[in-house]
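Please look at the sequence and the 3D structure shown below. Keep both in view while reading the paragraphs that come after them.

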Amino acid sequence: RESFSTMDNEEVARVAWLPIRSDLGHTLLHLGVSLRHGQPEDDQLRPRSRSESFQAPYVVDTGVFSADSIDMGGLEAYYRRGPVLIGSEVFVQNVDSASTGNPGFNGGEVFVTWNVTGETRPYKPAGGYFLAVSPSRPVGKGGPGAIELVLRYSDIDLDAGTLRGGRFKRITPMVNWHLSDNIRLEFAYGYGEHARFDLTGKTRFFTMRTQFTL
């Protein structure tokens with residue numbers, strides 16, 4: 001068991017299907033479903049999430065409560081046509097917790113990306129996932145690199161049963177500049193809405209990140 005796991009034991013399954021894959025290098029449709037069953041460590045659970053910013057505090061948090069087991073289901077769909085990729089993932093988690101009314105939580109995201117410079121994001125059929133963008137003309141070789149525009153919406157709701165963990169929604173326009181296969185610059189703006197304990201709030205985020213990979 002991983003040191004960061006919150007489960008004493010768990011079973012996980014994921015299946016992906018490509019109904020459109022006539023040309024893996026251009027047009028592709030990925031559909032997937034995942035299932036997870038687990039027994040929380042010490043029979044206690046605490047679903048929570050930050051505002052998609054590592055340094056931010058937890059904006060939705062149920063607090064610790066007793067739970068015998070969890071069952072989670074997820075659906076995923078991605079459509080890629082050349083430089084454009086549209087995707088969405090949603091999940092539902094049901095918790096066996098009589099003391100809190102057996103709550104059910106949900107969340108998900110939907111996004112669209114466009115590589116202005118024409119690159120197609122690679123896909124790995126063996127694992128059923130997309131790889132990083134590889135610029136066709138890296139900056140180090142005199143090119144512009146790969147410029148990727150992203151628009152993403154996410155939503156998580158932890159109000160269920162007797163628990164009031166809160167709900168958080170965020171929309172994020174983003175620009176990714178892939179200078180090479182190893183260097184990426186990210187510029188993002190985020191607008192979030194938070195509701196908890198009959199209070200609502202709005203937050204704006206401005207983020208710039210430099211990523212290096214070996």
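This is a predicted model: local features need pLDDT of at least 70, side-chain atom pairs count only at pLDDT 80 or more; totals for chains, interfaces and linings use all residues.

Residues are numbered from 1 along each chain as its sequence is written, and side-chain values use heavy atoms, with hydrogens and water left out.

Begin with strand 14, residues 183–196, and strand 15, residues 199–212. Helices (H or I, at least four residues) and strands (E, at least two) are DSSP runs, numbered from the N terminus. Two strands pair if DSSP finds at least two bridges between them. Strand 14 and strand 15 pair in the antiparallel sense, over 14 bridges. In this pairing, Tyr191 stands opposite Arg204 of strand 15. The two strands form a hairpin with two residues between them. Phe197 lies in that turn and has a positive phi of about 55 degrees.

How many of the 14 residues in strand 15 are buried? The count is one, so the strand is hardly covered. Here buried means under 20% relative accessible area, exposed means over 50%, and partly exposed is in between (1.4 Å probe, protein chains only).

Next come the salt bridges. A salt bridge is a side-chain nitrogen of Lys or Arg within 4 Å of a carboxyl oxygen of Asp or Glu. By this rule there are 11 salt bridges.

One of them joins the side chains of Glu52 and Arg170, at 3.9 Å from N to O. Glu52 lies in the loop between strand 4 (48–50) and strand 5 (58–61), and Arg170 in strand 13 (residues 163–178), so the pair ties together parts 118 residues apart in sequence. Glu52 is partly exposed, at 38% relative accessible area, whereas Arg170 is buried, at 6%.

Arg152 forms a salt bridge with Glu109, and their closest N and O atoms are 2.4 Å apart. This pair links distant parts of the chain, since Arg152 is in strand 12 (residues 146–160) and Glu109 in strand 9 (residues 104–115), 43 residues apart. Arg152 counts as partly exposed, with 23% relative accessibility.

Arg167 and Asp155 also form a salt bridge, with the closest N and O atoms 2.6 Å apart. Arg167 belongs to strand 13 and Asp155 to strand 12, 12 residues apart. Arg167 is partly exposed at 34% relative accessibility, and Asp155 is buried at 14%.
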